[in-house]
Amino acid sequence: RAYHFSKAIINLISNAKFDRLYFSIADQLLRSATSVGANLVEAKAGSSKKDFRNFYAIALKSANETKYWLCLIRDTEVIEIDREIIKGLLVEVDEISKIVASIIINLNKE
């Protein structure tokens, strides 16, 4: 799911129209969104349970940051993107973050 979400963000940004002034916002969105999946993959290769947990925590932080950037774009319209697409991406990243948070909570119970 995180991989497909990353692809959706890449496609969104590549098709979006925005002033060069707002490039950093698009760049931050791209970085945080793709970081979610990258950290989940890193977690699988973790050398310990603590390492695994730490990568999941980073993935959760990246998902939360992604929500921030998507909301900022939605609420300021600095990047010309269909609001329904943003809404769908927000739902997806929220679900991903809930899954990751649930895994972290269960790991902490062990």
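**View 1. Here is where helices α1 and α2 touch.** A2, F5, S6, I9, I10, L12 and I13 in α1 meet up with A26, L29, L30, A33, T34, V36, G37 and L40 in α2; "contact" here means heavy atoms within 4.5 Å. Sorted by class, this contact has twelve nonpolar, three polar and no charged residues. For the sorting, Ala, Val, Leu, Ile, Met, Phe, Trp, Tyr, Cys and Pro go down as nonpolar, Asp, Glu, Lys and Arg as charged, and the others, Gly among them, as polar. A quick heads-up: this is a predicted model, where local features need pLDDT of at least 70 and side-chain atom pairs count only at pLDDT 80 or more, while totals for chains, interfaces and linings use all residues. Residues are numbered from 1 along each chain as its sequence is written, and side-chain values use heavy atoms, with hydrogens and water left out.

**View 2. Now look at how α1 and α2 cross.** Two packed helices are described by the angle between their axes and the distance between the axes. The axes of α1 (residues 2–15) and α2 (residues 23–44) come within 8 Å and cross at roughly 165°. An axis is a line fitted to C-alpha atoms, for helices over the stretch in contact, and angles run from 0 to 180 degrees between N-to-C directions. Helices (H or I, at least four residues) are DSSP runs, numbered from the N terminus. So α1 is roughly antiparallel to α2, a label for angles over 145 degrees. The crossing is left-handed, meaning that the near helix is turned anticlockwise from the far one by less than a right angle.

View 3. Side chains of opposite charge can pair when their charged atoms come close. R1 forms a salt bridge with E95, their closest N and O atoms being 2.3 Å apart; that takes a side-chain nitrogen of Lys or Arg within 4 Å of a carboxyl oxygen of Asp or Glu. The pair ties together distant parts of the chain: R1 sits in the segment before α1 and E95 in helix α4 (residues 83–109), 94 residues apart. R1, E92 and E95 are linked in a network of salt bridges. R1 counts as partly exposed because its relative accessibility is 49%; the cut-offs are under 20% relative accessible area for buried, over 50% for exposed, and partly exposed in between (1.4 Å probe, protein chains only).

View 4. R31 pairs with D27, and their closest N and O atoms are 2.8 Å apart. Both residues lie in α2, four residues apart, about one turn of the helix. R31 is exposed, at 53% relative accessible area, whereas D27 is partly exposed at 21%.

View 5. The axes of α3 and α4 come within 9 Å and cross at roughly 160°, so α3 is roughly antiparallel to α4. This crossing is left-handed too. By class, the contact has 17 nonpolar, four polar and six charged residues. K67 and D94 meet in a salt bridge here (3.0 Å, N to O). K67 belongs to α3 (residues 49–76) and D94 to α4, 27 residues apart.

**View 6. Zooming in on L72.** L72 is found in helix α3 and is partly exposed, with a relative accessible area of 26%. Leaving aside neighbours within four places in sequence, L72 is in contact with I25 and E77.

Methods
Helices (H or I, at least four residues) and strands (E, at least two) are DSSP runs, numbered from the N terminus. Angles under 35 degrees count as roughly parallel, over 145 as roughly antiparallel, 65 to 115 as roughly perpendicular and the rest as oblique.
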